[in-house]
Amino acid sequence: MGECEVIEVISFKNSDQKSESNSDDVKYEEENKIIEANVTATNSSSNVTKVNCLTDKVYGPVEIVNATRLMKLLILEPGPSNKSRNDKEGRLLPGTCVIVLFYARWSIFSSQAAPHFNALPRSFPHIKAVALDAIKYQNFNAQYGIVGVPTLMLVHNGKPVAKFNYTVYTLETFAKFITQITNLQPNGSLYVTSLDFSGPVSSTPSNGTDYCLVLSWIFITACALYFTSQSRWWQQFVELIQNTWRESNAQHEHVD
């Protein structure tokens, strides 16, 4: 009996040790799974396919373009990047990069961003920098989803790949945006000179008449007057004026 009891106790202890070791193994495996999951999540978040910009050309200052000139710059260039199966393959293949600023001459925010955009070609000479008046040439707004100014858009081999989503429009944020999307790094230090405030994109908002804004206000006013005239309140107001006018005429006739 004693031996049986001892054997039972020993076997019970062994089962406890096994259960403890099994629980430790389970915990270890779970910890490994969590670590592996964290590593995978980190790698997936940092695994961004960058645009491969050509570096065989050096472009000059910012060019103010019209609709025709911009369409020529955004025409798909012949090459393997336009025959790729998906966007990832197209980004990996080399292509011409163009940075486009959609601005408005009367916009204060566009004027504040102008000197920083004018300084951008010095830091990234291999990217063609152009600026388009989004109010004057509005046909591009719906095509590229431009809902406000200023808007910065990066084009790779004729295909829009990214838009600037920062709230601060400075040369540093512009450079950060480009380095995150492309394979390029700034050429030297980032700085804005006094000449950058004079152009090509003006840093002083113009006082010209915005005819689109005037037409918009006329349209809004006309719609407001029309719907007001069709309302019950307006009809009651008109009837009140008419009744008051009739009563006053009747009193004058009675006095006469």
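In which strand does Ala 129 lie? Ala 129 lies in strand β3; strands (E, at least two residues) and helices (H or I, at least four) are DSSP runs, numbered from the N terminus. The model is predicted, so local features need pLDDT of at least 70 and side-chain atom pairs count only at pLDDT 80 or more, while totals for chains, interfaces and linings use all residues. Residues are numbered from 1 along each chain as its sequence is written, and side-chain values use heavy atoms, with hydrogens and water left out.

Ala 129 is buried, at a relative accessible area of 2% (buried, under 20%; exposed, over 50%; partly exposed, in between; 1.4 Å probe, protein chains only). Its contacts (heavy atoms within 4.5 Å), leaving aside neighbours within four places in sequence, are Pro 61, Val 62, Glu 63, Ile 99, Phe 117 and Pro 121. Val 62 is 67 residues from Ala 129 in sequence, yet the C-alpha atoms of the two are 5.0 Å apart.

Helix α7 (residues 171–181) is largely enclosed by the rest of the structure, because eight of its 11 residues are buried. Among them are Phe 174, Phe 177 and Ile 178. The buried residues of α7 pack against β2 (97–103), α4 (108–118), α5 (120–123), β4 (151–156) and β5 (159–163).

The largest nonpolar core has 29 residues. Such a core is a set of buried Ala, Val, Leu, Ile, Met, Phe, Trp, Tyr and Cys residues joined through side-chain atoms within 4.5 Å. Ile 99, Phe 117, Leu 120, Leu 152 and Phe 177 touch the most other members. Two or more residues come from each of β2, α4, β3 (128–133), β4, β5 and α7. Helix α7 gives the most, with six. A second, separate core of 16 residues includes Leu 74, Val 130, Tyr 144 and Met 153.

One disulfide is found in the whole structure (cysteine sulfur atoms within 2.5 Å). Cys 53 is joined to Cys 97, with an S to S distance of 1.9 Å. The pair links distant parts of the chain, 44 residues apart: Cys 53 is in the loop between α1 (2–46) and β1 (63–65), and Cys 97 is in strand β2. The link is left-handed, with -85° about the S-S bond. Both Cys 53 and Cys 97 are buried. Cys 223, by contrast, is partly exposed, with a relative accessible area of 26%.

Phe 219 lies in helix α8 (residues 211–229). Phe 219 is exposed, with a relative accessible area of 56%.
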